[in-house]
Amino acid sequence: RKSIGEYLRTRHPLQPSHEGIDAPLLEWKACFVTLLLHGELRGCIGSLEPRESLLDNVAHNAVSAAFSDPRFSPVTADEFPLLHIDISVLGTPAVMNIQDEASLVRQLRPGVDGLILHAPNGARATFLPSVWEQLPDPQDFVMHLKRKAGLPANYWHEGMRAERYEVQYFEELSH
C-alpha cells in the first residue's frame with residue numbers, strides 16, 4: 001500500500017528500507033500482487049522467478065499492478081483507499097512429467113497448483129491457484145491458460161512444458 005501511495009504522490013516508486021526488516025522478507029522470492037476493488041479484479045502483476053528480496057518484489061509488483069497492468073487504466077487517487085491487496089508468494093516451480101494434455105490434466109491438483117505453461121514458440125502464461133475458484137475443472141483451467149498464452153484453446157504440441165507451484169497467500173488486514 002505504501003508503494004502505491006508513494007507512486008500516486010510522486011510518480012516515483014518507493015525504495016523500501018531493509019533496516020529492521022524480518023529476515024524472511026529479505027529472502028529472494030517471487031510473488032504476485034493482486035488488487036481488488038469492490039471485490040472485482042483491478043490489477044494483478046507478478047514475477048515467476050525470484051530476482052530480488054520479497055520486500056522489494058512486493059513493492060515493485062504493487063506499483064505495476066496499480067499502474068501498468070495492460071488490462072486496466074491506472075489506479076486513481078479516489079480508488080486507492082478502496083483497494084484490497086492480496087499477495088501470493090510463489091514456491092519453487094516443479095517441472096511436470098507430461099506426455100500430452102490429458103496427462104497434464106490428470107496430474108493437476110485443483111485449488112492447490114498454480115500452473116506455468118510453456119509452448120515451443122516461446123508463449124508462456126501462468127494461473128495462480130486462486131484461479132481454480134473461477135475455473136474448477138482441470139480441462140477448463142488448462143484451456144483458459146492456453147488462451148492467456150495467446151494459443152488456441154485446442155492447441156497442443158509435443159514440445160509443451162508445464163511447471164506447477166504452490167503459493168502462500170497474504171491478505172492486507174487493515175490500512
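Here is a walk through this structure, one region at a time. Keep in mind that the model is predicted.

Four strands make up an open sheet in the order 2-1-3-8, and their pairing is antiparallel. In general, the strands of a sheet pair through backbone hydrogen bonds, either parallel or antiparallel. Strand 2 and strand 8 (167-171) sit at the edges with a single partner strand each, so one side of each has no neighbour in the sheet. From one strand to the next, the twist averages 20°. Now zoom in on strand 1 (residues 31-37), which pairs with strand 2 in the antiparallel sense over 6 bridges. You can pick out one of the partners by eye: F32 has G46 in strand 2 as its bridge partner. Helix 3 packs on this sheet and touches strand 1, strand 2 and strand 3 (83-90). The direction of helix 3 makes about 40° with that of strand 1.

Next, look at helix 1 (residues 2-10). S3, I4 and G5 in this helix are buried. What covers the buried residues of helix 1? The cover includes strand 1, helix 3 and strand 3. After helix 1 comes R11, which has a positive phi, near 65°.

Now move along to strand 5, where 5 of its 5 residues are buried. Which strands pair with strand 5? Strand 7 is joined to strand 5 by 5 bridges, and the two run antiparallel. In that pairing, H118 stands opposite R161 in strand 7. Strand 6 is joined to strand 5 by 4 bridges, again antiparallel, with L117 and A125 as bridge partners. Strand 5 and strand 6 also form a hairpin with 5 residues between them. In the turn of that hairpin, G122 has a positive phi of about 95°.

Time for some charges. Side chains of opposite charge can pair when their charged atoms come close. How many salt bridges are there here? The count comes to 10 salt bridges. One of them joins R124 to E49, with the closest N and O atoms 3.0 Å apart. This pair links distant parts of the chain, 75 residues apart: R124 is in strand 6 (residues 124-127), while E49 is in the loop between strand 2 (40-46) and helix 3 (54-67). R124 is partly exposed, at 40% relative accessible area, and E49 is partly exposed too, at 35%.

Another salt bridge brings D69 and R71 together at 2.7 Å, N to O. Are these two buried or exposed? D69 is buried, with a relative accessible area of 4%, whereas R71 is exposed, at 51%.

A further salt bridge connects D113 and R164, whose closest N and O atoms are 3.0 Å apart. D113 lies in the loop between helix 4 (101-107) and strand 5 (114-118), and R164 lies in strand 7 (residues 161-165), so this pair ties together parts 51 residues apart in sequence. D113 is buried, at 0% relative accessibility.

Finally, the cysteines. How many disulfides does the structure have? A search of the whole structure finds 0 disulfides.

How values were computed. Residues are numbered from 1 along each chain as its sequence is written. This is a predicted model: local features need pLDDT of at least 70, side-chain atom pairs count only at pLDDT 80 or more; totals for chains, interfaces and linings use all residues. Side-chain values use heavy atoms; hydrogens and water are left out. A salt bridge is a side-chain nitrogen of Lys or Arg within 4 Å of a carboxyl oxygen of Asp or Glu. Buried means under 20% relative accessible area, exposed over 50%, partly exposed in between (1.4 Å probe, protein chains only). Two strands pair if DSSP finds at least two bridges between them. Axes are lines fitted to C-alpha atoms, for helices over the stretch in contact, and angles run from 0 to 180 degrees between N-to-C directions. Contact means heavy atoms within 4.5 Å. A disulfide is a pair of cysteine sulfur atoms within 2.5 Å.
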